[in-house]
There are 2 protein chains.
Amino acid sequence: MTGRLLVRNVRPMGGPAVDLLVEGGRIRERRAGIAIDASVESVDGGGRLVLPGLVDGHMHLDKTHWGLPWRPHQAGPRIIDRIENERRLRAELGLSPAVQSARLARQAIANGTTHIRTHVDVDTEVGLAGLEGLVATRQALADAVTMQIVAFPQSGVMIRPGTVELLEEAVKQGADLVGGLDPATIDGDPRGQLDGIFAIAERHRAGVDIHLHDPGELGAFQVELIAERTTALGLQGKVAISHAFCLGMVDGDRLAGLVERLVDSRIAIMTHAPGDRAFPPIRPLRAAGVTLFSGSDGVRDAWTPFGNADMLERAMLLCYRSAFRRDEDIQLALDMVTVGGASVMGARGYGLDVDCQADFLVVDGDAPAEAVVNRSPRALVVKGGRVVAREGVAVV
Amino acid sequence: MTGRLLVRNVRPMGGPAVDLLVEGGRIRERRAGIAIDASVESVDGGGRLVLPGLVDGHMHLDKTHWGLPWRPHQAGPRIIDRIENERRLRAELGLSPAVQSARLARQAIANGTTHIRTHVDVDTEVGLAGLEGLVATRQALADAVTMQIVAFPQSGVMIRPGTVELLEEAVKQGADLVGGLDPATIDGDPRGQLDGIFAIAERHRAGVDIHLHDPGELGAFQVELIAERTTALGLQGKVAISHAFCLGMVDGDRLAGLVERLVDSRIAIMTHAPGDRAFPPIRPLRAAGVTLFSGSDGVRDAWTPFGNADMLERAMLLCYRSAFRRDEDIQLALDMVTVGGASVMGARGYGLDVDCQADFLVVDGDAPAEAVVNRSPRALVVKGGRVVAREGVAVV
C-alpha cells in the first residue's frame, strides 16, 4: 500500500485527456503520460470525464426509509400534514437515525457525492437522538464523505418551549450549523425564531441554514429579516436560505431588491427545483452574484416516496425546470451541485487542479453537460485519494 | 425452438407471484407453479414486478441525434427558433431518418417500451424521405415494437403550399395518422389547417394527432375547433391533441367546458409534463374521463439535448410536476405510459391477463409505484412473446 493512486486517461471537465496522480489525499500531478512503478494502484478512466466531487447541500439523512420495503405515501399535501404524519411514522417505525443515515449516505457516495450537508431533526420529542445518530455516521464515513450537520427544528422553535436550548446543545455536541423553519407560519413569530437561532450562531460562530417555504411577500419579508441579522452579527458567508420559494414569486423590482440584500450579506440560496411550485430563478440570481447550491432534500421518507441521492439527476431537474438546454446553462446547474455547494460548505482545496483535494468522480460523457444528460452509473468515485465507489456501487 | 417462453416468479402489477407461460405471442397461462418440460426457454423473474409494455405515445424518432457525439444545443428559446435551427442542422448533419430512428427505437425497447407513436417530419423540403426511413424502421423492428407513424407538418401546412398534398401522400404510403401544428400561430389559419388535415383523415379513415402549443384562450379556441371537426366527421376516439398547454392555463369553468368537449368527442390528450410551463392537469382530466397518455417527445435532437426514451422516467416526471406522492396518484402517471397510451394506439389484447398479447417488462419494485420511483434497468422485456431486452440492453 503506497497511498498512491493513478487515474489514467480522464478528461477534467471535458478537456484533453490526462492522468491524475493522487497521493496523500491530494492531486499531485495532472498531465498526460505519467509514468509510475507498477506497485501503484492504477485505474483506467477510458477517456471518460472527471468532475469534482458532487455536493449534496440539503439532505435529511436521519429520516429516510432507504433500504426498507416500499411504504405507500400517506400524508396530506400541506407542510403541516407532512410534519404530523412524520411524527406519527417515526414512532411507529422506530427508525434508527444512525442506521438510516449511513444507508442513504452510502447511496450518495455511490452516486459521486463527496460532500453532504444534512439537516437533522431536533425537537422536544426526539431531543438529540437524531444528532447522535448523525454524528456516529459522520464519524463512521469520515474517510468517504465530508458531512456537515444542521440542527433542524422540524417541529418549530417558539411553539415548542425548550427547542432553542436543544438547538444550542446540538451545536455544542457536534452540529455545524443551526437551522430554522418558516419563522412566520410555523412559529407565528419570525422575530422570535430568528433572534433565537442567530443568537446561537453568534455565540458559537456556527453557520445558519434556514428552511423558508413561506410564499411571496411573507417569505420576502423574512429574507430581509435574515439578511439584517446576518449583517448585524458579522455572519456574512455563513448563512444560507433553503428553498426560498418566495424568490420565484415576487416581481422583478422586488426581486432585485432582495437579491441586493442577499449579495450584500453573502447569503447563499439552496433550491432543489421543486416540481410543482415556483422556486428561485437560477440565471438572474447567479448573474447578480448570489451563491447557489442544491440538494436532494427528502429521499424516500415521510415527505416523499421519490428521490435517489443522485446529484447529476438533481442537476437535470434544475435544467428541466429552468428550460436550460445550452451547455453554458447546464453548466450553471452543474456548478450548483459542485463548486456552489463546495463554497457554501467551505470545502478547502476543492477542484481538479494540482494540490486540490482528491475528491472526484469519473463518468461517461463528452462534455460536462452530457454527464448531466446521461447520468450514467459513476465509473469511479474518489474521496481523499481513496476509491469509494466503482460502477455505481459504494465500496466503503 | 418451441416458440414458448416461461417467465417464472413474477408479480403482475405487484400482486402475488405467478409464472407466465407465453406461446404464440400471447400469455397462455398465469398461475403459480407451472410445470413445463425442460426444452422450453425459461427465465427466473426473481419475484420482480411485471408490468404491461410501456407505451411511448409521442416521439420524434426521425430527428434524434442518438448515438452521435455530443452536440451543444444551439437554438434560441422560441418554437420558431428551434424549427429554423433544426432545418439548418438537418441539412448540415445529413442525418438518416432510418438509421437514427432505429437507434432510438432500440433504446426505447431496452427501456421496456413495446408501443411507439412517432411523428415524422413531412414538408416541402424533405418531402417523404423521413416517412420512408420510418417505414423501413417500423418494418425492421416489427417483431420488437409496435409503431404508429404520424405525418407531421413541422414547418406548417398552409404557409407551405404543397404540404397538404404531401401529408395525404404520406398517409397513402404508410403513415397511420395525419398530424398538425399550432394552426393559429404557425399557419395564421386555424380553420384552413384543420380543414385540410381533417379532410385527409376522413378520406382515409386515418387518425389525427395535433401538436398544440398555443397558450390560453388561443389554444382553447382551437381545442373547440378540433372537437367540432372530430364529431362532425365521426372520428371520435381517433383524435389526439399533443401538449395542449392551454388546458393548464384556463380557469376552472373554462376548463370544465373544454373537458366536456373532449369527453364528448373522445379526444385523447398527450402531455410529457414540460418542466417550465403549464400543462394539462392530470387528476381532473382523468376524473372527467379524458384519455391521457404521454411520450418522450424530442430525445437528444435539435429541440433538446435531454431525453433517454425511458417511460418510467417520464412517469416520474409526470409525478414530479403534479406533486403526486401517493401510490394511487403515481398509478395515474403509470397508467398514462401503459393503458392510456395503449388505448390511444388501439392496441388489441393489451394487458397481463391470460390471452393478452405477451408484451411486458420485468422490473424491480415491491409495488408498481416503486417501479416509477426506482427506474431500475429493465431486467427483461418481452414483445409478442419474444425476449427483446435483458438487463437494460436491447437484444434485437
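**Strand pairing, a helix crossing and the chain interface**

In chain B, strand 1 and strand 2 make a hairpin with 5 residues between them, and Met13(B) in the turn shows a positive phi of about 50 degrees. Helices (H or I, at least four residues) and strands (E, at least two) are taken as DSSP runs numbered from the N terminus. The model is predicted, so to speak of local features takes a pLDDT of at least 70, side-chain atom pairs count only at pLDDT 80 or more, and totals for chains, interfaces and linings use all residues. Residues are numbered from 1 along each chain as its sequence is written, with chains lettered from A and ligands numbered from 1 in the order in which they are written.

Leu5(B) has Glu41(B) of strand 4 as its bridge partner.

Elsewhere in chain B, 8 strands build an open, parallel sheet in the order 5-6-7-8-9-10-11-12. Strand 5 (54-59) and strand 12 (292-293) take the edges with a single partner strand each, so one side of each has no neighbour in the sheet. Within this chain, strand 7 (residues 146-152) and strand 8 (residues 177-181) run parallel and share 2 bridges, with Val150(B) facing Leu177(B) of strand 8.

Over in chain A, the axes of helix 9 (residues 311-322) and helix 10 (residues 327-344) come within 9 Å and cross at roughly 135 degrees. Axes are lines fitted to C-alpha atoms, for helices over the stretch in contact, and angles run from 0 to 180 degrees between N-to-C directions. The two helices of chain A are therefore oblique to each other, where under 35 degrees is roughly parallel, over 145 roughly antiparallel, 65 to 115 roughly perpendicular and the rest oblique. Among the residues that meet here are Leu318(A) in helix 9 and Val337(A) in helix 10; contact calls for C-beta atoms, placed from the backbone, within 7 Å.

As for the interface, 23 residues of chain B contact 23 residues of chain A. On the chain B side, helix 9 (311-322) and helix 11 (368-374) each supply at least two residues, and helix 9 gives the most, with 4.

Conventions:
Two residues are in contact if their C-beta atoms, placed from the backbone, lie within 7 Å. Two strands pair if DSSP finds at least two bridges between them.
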